[in-house]
2 protein chains.
Amino acid sequence: MPQRQQAYSPVDCAQCPIRHRAVCARCETDELEQLEAIKYYRSFSAGQTIVWAGDKMDFVASVVHGVAALSQTMEDGRRQMVGLLLPSDFIGRPNRDRVSYDVTATTDVQLCCFRRVPFQDMLVNTPHVSQRLLEMTLDELDAAREWMLLLGRKTAREKIASFLSIIARRDASLQARATIGRVAFDLPLTREAMADYLGLTLETVSRQMSSLKKDGVIQLDGKRRIVVPDFEALMAETGDDADGGVY
Amino acid sequence: MPQRQQAYSPVDCAQCPIRHRAVCARCETDELEQLEAIKYYRSFSAGQTIVWAGDKMDFVASVVHGVAALSQTMEDGRRQMVGLLLPSDFIGRPNRDRVSYDVTATTDVQLCCFRRVPFQDMLVNTPHVSQRLLEMTLDELDAAREWMLLLGRKTAREKIASFLSIIARRDASLQARATIGRVAFDLPLTREAMADYLGLTLETVSRQMSSLKKDGVIQLDGKRRIVVPDFEALMAETGDDADGGVY
DNA sequence: GCTTGACCTTGATCTGGATCAAGCGCGGCC
DNA sequence: GGCCGCGCTTGATCCAGATCAAGGTCAAGC
């Protein structure tokens with residue numbers, strides 16, 4: 001069922017929308033040329049699985065457009081999303097040829113893939129790449145730790161509010177907009193995927209969304225479009241410190 | 001209340017118990033000399049706070065002996081541990097002078113500290129250090145993601161069994177012993193710290209420990225000494241795949 | 001226009017783990 | 001020796017979120 005879509009034609013790194021946020025952010029012109037030599041694009045449509053946990057993966061990649069998810073499944077079907085990959089995020093682990101998690105496209109996705117072995121060589125020879133990758137990995141670790149607090153200690157309502165505020169902020173930062181006052185965005189996930197992310201059931205997600213709507217914290221325009229009339233009011237529902245959170 | 005203990009006298013890296021697992025694992029002799037020039041030891045006794053979230057931290061460090069914990073606290077006191085740092089694990093984030101989490105000593109701890117600024121310079125100039133740090137950070141990210149599955153989807157009993165099996169395995173690997181059949185180890189955490197780690201209350205931790213004991217999965221020798229008569233039986237309680245888990 | 005199926009909402013009920021509360025065991029200290 | 005006080009265990013009760021069950025909405029396809 002998962003079928004590869006028509007690949008985009010290669011584009012020039014100089015015009016890439018994630019040029020200054022992805023693993024290549026710090027590269028100089030000559031380093032970009034090396035990356036261009038080992039890169040290719042692949043596209044996946046919403047719902048497709050990009051790779052299964054345990055599969056061989058002969059590339060690493062940056063998300064260019066769309067949203068992908070990392071998730072784990074237990075034998076009895078319980079599922080937990082463990083990473084949400086937005087544009088500029090990195091997929092794959094250098095020096096490891098098997099994937100630890102299922103990677104799925106939650107919206108239509110375009111990846112900029114690098115062949116794994118030459119990419120590993122670049123990590124050794126191109127400090128600008130390995131330094132940027134270290135920084136991105138540390139950021140992901142911080143995000144994972146904040147997620148652990150959410151999963152371990154937050155109420156269902158706080159989980160939903162936290163999730164919405166994170167999506168709003170990442171969406172805004174991609175478009176260089178501020179997150180204050182009135183904010184609107186599209187949810188890139190189904191209710192079920194949200195439940196997998198938040199450690200809830202889809203019914204609880206739906207009920208808490210309805211409850212936030214009833215209380216005027218959010219408005220729904222269709223199922224996916226969210227309007228937040230007052231971002232501060234949403235933040236107050238997340239359970240996080242008012243002032244900038246943990247750091 | 002937190003008071004610095006008597007510092008250990010500096011020891012030679014060549015005799016260091018974590019020489020081949022810590023951030024210095026891949027260093028050559030000359031690189032070790034550079035590290036020795038910027039290192040110093042600090043010790044903390046069980047229960048002391050090493051640094052508070054938001055504090056300035058002018059060093060990074062490796063855990064040499066003992067166990068430290070990273071944790072976050074919400075305004076109303078809800079607490080979640082987000083990292084458990086065993087010997088050879090790394091504390092601190094290069095290029096960031098403020099700490100994101102409370103770091104506390106859960107047992108007596110000895111740290112090998114490096115002055116932060118010179119360490120950052122070494123990251124730029126010494127690929128053996130930055131490559132090892134990247135690898136360790138990726139390992140921590142994998143561990144954090146496995147922890148997210150535990151927090152989001154496992155039952156209290158599965159959480160306890162998973163925790164015990166992780167401690168048993170890390171304890172065994174430090175002493176180069178196998179984890180099959182009969183295994184015994186000391187818990188480095190109080191029931192309350194276990195609860196903070198597992199997203200439970202201490203009462204639930206206590207009840208599930210009693211339940212595993214009643215079912216013969218573990219034996220308790222005092223409050224802290226755990227004997228596992230059959231490690232496979234403990235593994236069967238964790239909810240993980242029988243065969244080696246996710247990768 | 002009708003059917004189908006994916007996605008979502010809402011209601012009724014159940015339950016695992018939280019909360020509230022009491023008491024035990026043991027090492028440290030006067 | 002006796003009294004703390006900390007860490008832990010156990011019991012009774014409660015409740016947030018899971019589970020079970022209907023039904024609604026909407027776009028795609030005939």
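Helices here are DSSP runs of H or I with at least four residues, numbered from the N terminus. This is a predicted model, where local features need pLDDT of at least 70, side-chain atom pairs count only at pLDDT 80 or more, and totals for chains, interfaces and linings use all residues. Residues are numbered from 1 along each chain as its sequence is written, while chains are lettered from A and ligands numbered from 1 in the order in which they are written.

Buried means 20 or more other C-beta atoms within 10 Å of a residue's own, and exposed means 12 or fewer, with C-beta atoms placed from the backbone.

| Side of α6(A) | Residues |
|---|---|
| Buried | A:Val205, A:Gln208, A:Met209, A:Leu212 |
| Exposed, turned away from the buried side | A:Glu203, A:Ser210, A:Lys214 |

The buried set falls within an arc of 105° seen down the axis of α6(A), so these residues line one face of the helix. That arc is taken from the directions from the helix axis to the C-beta atoms.

Now for the α4 contact. The axes of α4(A) and α6(A), lines fitted to C-alpha atoms over the stretch in contact, come within 9 Å and cross at roughly 75°. The two helices are therefore roughly perpendicular (65 to 115 degrees). Contact means C-beta atoms within 7 Å; α4(A) brings A:Ala156, A:Arg157, A:Ile160 and A:Ala161, and among the α6(A) partners are A:Thr204 and A:Ser211.

After α6(A) comes A:Gly216, with a positive phi near 80°.

Terms used:
Axes fitted to C-alpha atoms, helices over the stretch in contact; angles between N-to-C directions. Parallel < 35°, antiparallel > 145°, perpendicular 65-115°, else oblique. Contact = placed C-beta atoms within 7 Å.
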